[in-house]
Amino acid sequence: MATEKEASIEEQLASDLNITCETKRPRRLWASVDNQRLVKICKWAREHGFEHLSAISAVDWVEENSYELLYHLWSYEDKILLTLKTKIDRETPAINSVSPVWKESAQIHERELHELFGIAFAGNDDLAPLFLEDWQGPPPFRKDFNWREYVRSEYYDRENERERAYYD
Amino acid sequence: MTERTSASVPITTDEANLSEGSAYDFYFGPAHPGSGNFGVKLKIEGETVVSARADPGYLHRGFEKLMEYRTPLQNAVLSDRICVLEALNWNLIHAEAVEELMGIEPPERAKYIRVIMAELSRIQSHIIWYGAFCIGIGFDTGFKLAFGYRDYILDIFEAVTGGRVYPAGYICPGGVRRDFPPGLVKRITEVLDKVEKMVAVEALENPLLSARAKDIGILKLEDAIRLGATGPVLRASGMKADVRKDDSYEVYDRFDFDVPVRDEGDAYSRYVIGMEEIRQSARIVKQALEGLPEGEIIAPSLKKPKLTTKIPVGEVYVRNEVARGEAGMYMCSDGSGRPYRVKIRGPSFLHMIPVLEHLLIGAQIADVPAIYWSLNVCPADLDR
């Protein structure tokens, strides 16, 4: 399936950084990396043409007590999307920021994840709240956050005749 | 007024105002007719913006979380709302993500219909761009003209999908929900002719727009890449990058179209790129109408959608070129009928926070709306 360019990036990742990646379909490379080496690998990727950080996604694997972070990188030159996956602890979620590598575009994605998942990005100097105003509750995109329960307890009144229906 | 804990820059800083003399704080949005549902906190000295801080969240609906509770059938309808102004394009991304996870290939005819609808959606979105840009510089006639012409395309949407603005999940996993009604091809061709004429005469030959928007809000190429700009904004800064060409999806690789690029990087060049793209999209629609094959419009296994349909375990990241730039959707499934996690990457997320903040610093206050609308922003796909 893989074309020459994908094969060459796969080879370089294996020889330079000892990472094995998988080509799921043409132009899509996926690799799992260790969270301690993430920034180093990102620097390598930035130097090898992956100029565009398309997005950073986080997945809350609540049963195995970990967060998975996915960095979707696009190379304008090779026209390949490389996704780097890494897992971090869920209880004290923290990881080094990639904002020294992709600057503002990484900074803003991390700021969003900090607000919605509560992940601390060491080295990111602006993790101010983004979407939620006056939010006091837990990070709302965590799997164990029950938003129906939260809305009931915070915004509805059992004694109020019109809002009683939300409780039953 | 209660204290706004979420804002790192307070709205009124009396002490700062006193010490700096002429400096004052100015809140552009979020209910301003010229901003959409989005605010920017500006600090202004004389007539010049000295600092800008985007304040999103006015339209935050938490779609990523909502989608975890719903089946793909319901999410297809929800995906309309990610961006009001280009609902069909977001329908398409959602459908592609689910299809890739399920390993389903939509029929040929469905792929052509998808391209036609997505490009018509891009055209109407770019017409709104023209209208919004006009209102940003105080030219109300252009705004009304744009919305009038956009309605011709909405008529086509109504005939095909049943909805004018929201298609209610018309592009669904597996294909599309309904076939074209009879006589539609002729109607689309007529509408395209009208729209192309309008763009050529009103949008590109208007000296007012070039006089007002040239040389403001200049975005250099290295800044554009660093700030994460994509789509027309990146192309106006000199980078030839288009997901339809570079990372082709559906049947875009079968059509002949150009990717307009300019080097200036100013507000006017971004806008001109948008108007050029209307012509290119019209070219694609015409070619797709000519080559439209006969056949099924939805994959057989999803013809009768069932609530018990399971999404196989896996994860996928799809990218599309929507009117505003690169759109992405990450979808991850644990094998149940609902996605385990959905991440939506809207182009405006980058355009409205890092890019806008960068461009506004040093701008004149009268240029703020012009720069804002030259980015073709959509608060809905930023806030999601």
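Analyst: Happy to! Let's begin with helix 5 of chain B, residues 108-136, which has 29 residues and reaches 42 Å from its first C-alpha to its last. That is close to the 42 Å expected at 1.5 Å a residue, where the expected span is 1.5 Å times one less than the number of residues. Helices here are DSSP runs of H or I with at least four residues, strands are runs of E with at least two, and both are numbered from the N terminus.

Before going on, a word on the model: it is predicted, so local features need pLDDT of at least 70 and side-chain atom pairs count only at pLDDT 80 or more, while totals for chains, interfaces and linings use all residues. Residues are numbered from 1 along each chain as its sequence is written, and chains are lettered from A and ligands numbered from 1 in the order in which they are written.

Is helix 5 of chain B mostly covered or mostly exposed? It is mostly covered, with 26 of its 29 residues buried. A residue is buried if 20 or more other C-beta atoms lie within 10 Å of its own, exposed if 12 or fewer, and partly exposed in between, with C-beta atoms placed from the backbone. After helix 5 comes B:G138, whose phi is positive, near 85°.

Now for the chain around this helix. Chain B has 15 helices and 8 strands. Its radius of gyration is 21 Å, close to the 21 Å that the globule rule gives for 384 residues, so chain B is as compact as a globular protein of that length. The radius is taken over C-alpha atoms, and the rule is 2.2 Å times the number of residues to the power 0.38. Along its principal axes, the C-alpha trace of chain B spans about 70 × 50 × 35 Å. Of its 384 residues, 53% count as buried.

Chain B also holds an open sheet of 3 strands in the order 1-2-3, with antiparallel pairing; two strands pair if DSSP finds at least two bridges between them. Strand 1 (23-28) and strand 3 (48-55) of chain B stand at the edges, each with a single partner strand, so one side of each is left without a neighbour in the sheet. Strand 1 of chain B pairs with strand 2, residues 39-45, over 6 bridges. One example is B:D25, whose bridge partner in strand 2 of chain B is B:K43.
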